[in-house]
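Keep the sequence and the 3D view side by side while reading.

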Amino acid sequence: MSPNFLSSFAVGTAYPTNYNRARLTMSDLTKMIDKAAQTILKSNYVIALVGAGMSVESGIPPFRGPGGLWTKYGEPDGLSFERFLDDPKVWWESYAKQEGYVKELVETIEAAKPNAAHYALTKLEQLGVLKHIISQNVDNLHVRAGSKELSEIHGNMFKLRCIACHQRYEMDEISKDVLPPHCPCGGLVKTDGVMFGEPIPPRVLDRCQEETERCDCMILIGTSGTVYPAAGFPSTAKYRGATLIEVNPYETPFTNICQIVLRAPAAECFPLVVERIKKLKAR
Ligand code: ZN
């Protein structure tokens with residue numbers, strides 16, 4: 001690992017693929033998996049907070065760090081939303097052409113598939129154990145894996161949203177014959193993915209806050225704790241007495257406040273947690 005790489009990772013901007021595999025021994029990990037399963041099962045209201053690491057395990061590069069889209073194409077200047085508002089017609093025309101990182105992002109995400117951890121979360125929801133997922137990812141993989149109780153805090157790049165009434169639409173539900181598209185309420189329609197400089201839509205933010213305050217167990221999967229407001233949810237939950245479980249191959253700013261840490265890729269270890277829960281439930 002180059003010193004460069006280390007320093008970028010230290011501030012949470014990289015999500016490398018050549019991670020140092022679990023420092024725990026296999027038997028330590030098995031014990032932790034059992035402990036996580038027991039804890040989840042005895043909790044009343046379990047939610048998951050999911051970050052980019054989960055998508056990385058599905059082959060989607062992170063925005064920042066080696067191989068990241070911003071690294072290749074340059075990080076947006078924080079004015080994306082302002083630019084959209086300045087001239088939504090021009091924005092939509094350029095979006096329709098799908099050039100640069102938009103093209104690469106769409107192609108990569110369309111080719112990606114939910115991984116075993118996405119399916120394990122769906123299974124946990126179907127078992128009646130997991131009550132909600134707050135995902136920071138825009139890639140639609142939770143939906144494709146079948147999860148229902150989901151807040152996509154940064155939106156979903158395959159959906160549309162009205163900036164006046166905040167209603168979300170499927171891509172083909174709103175005509176794009178005339179650009180920019182409009183909502184039946186008269187409001188301007190944009191893609192649902194939250195842009196730089198755009199406030200999180202109030203509906204989803206309120207829901208995330210309610211779920212955070214309600215949970216007594218929060219599972220943190222692949223989230224590096226650098227993007228707010230989601231990065232604030234674990235400490236809020238902890239303050240209100242929730243147990244925090246971290247599933248991440250890397251140490252994060254949350255590690256110190258988590259009671260249980262599974263230091264391994266989510267797709268490898270989280271399905272084992274759910275299998276264990278199934279067995280314990282069947283007893
Ligand atoms: Zn509307």
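The paragraphs below describe a predicted model.

Begin with the interior. In soluble globular proteins, nonpolar side chains tend to be buried together. Here the largest nonpolar core has 47 residues. Met218, Leu220 and Ile221 are the residues with the most contacts inside this core. Helix H12, which covers residues 266-282, supplies the largest share of the core, with seven residues. Which residues does Leu220 touch? Leaving aside residues up to four places away in sequence, Leu220 is in contact with Leu49, Pro234, Leu244, Ile245, Glu246, Val247, Phe254 and Cys258. There is also a second, separate core of five residues, and Phe84, Trp92, Val194 and Met195 are among them.

Next, look at how two helices pack. Two packed helices are described by the angle between their axes and the distance between the axes. Helix H2 (residues 26-42) packs against H12 at an angle of about 55°, and their axes are 9 Å apart. An angle of 65 to 115 degrees would count as roughly perpendicular and one under 35 as roughly parallel, so H2 and H12 are oblique to each other. The crossing of H2 past H12 is right-handed.

The residues that meet can be found on each helix. From H2 come Leu29, Ile33, Asp34, Ala36, Ala37, Ile40 and Leu41. From H12 come Cys269, Leu272, Val273, Arg276, Ile277, Leu280 and Lys281. This contact is made up of eleven nonpolar residues, three charged residues and no polar ones.

Now turn to the backbone in the loops. Where are the cis peptide bonds? One joins Leu179 and Pro180, with omega about -5°. Pro180 sits in the loop between strand S5 (168-170) and strand S6 (189-191). Another joins Tyr228 and Pro229, with omega about 10°. Pro229 belongs to the loop between strand S7 (217-221) and helix H11 (233-239).

Positive phi values also occur in loops. Asn140 is not a glycine, yet its phi is positive, at about 70°. This residue lies between strand S2 (130-135) and helix H9 (141-145). A residue needs 20 or more C-beta neighbours within 10 Å to be buried, and 12 or fewer to be exposed. Asn140 has 18 inside 10 Å and therefore counts as partly exposed. His166, also a residue other than glycine, has a positive phi near 70°. The loop that holds His166 runs between strand S4 (159-162) and S5. His166 has 15 C-beta neighbours inside 10 Å, so His166 counts as partly exposed.

Key
Residues numbered from 1 in each chain as written. Predicted model: local features only at pLDDT ≥ 70, side-chain atom pairs only at ≥ 80, totals over all residues. Core = buried A, V, L, I, M, F, W, Y, C linked by C-beta atoms within 7 Å. Helix = DSSP H or I, 4+ residues; strand = E, 2+ residues; numbered from the N terminus. Contact = placed C-beta atoms within 7 Å. Axes fitted to C-alpha atoms, helices over the stretch in contact; angles between N-to-C directions. Parallel < 35°, antiparallel > 145°, perpendicular 65-115°, else oblique. Left-handed = near helix turned anticlockwise from the far one by under 90°. Nonpolar A, V, L, I, M, F, W, Y, C, P; charged D, E, K, R; others polar.
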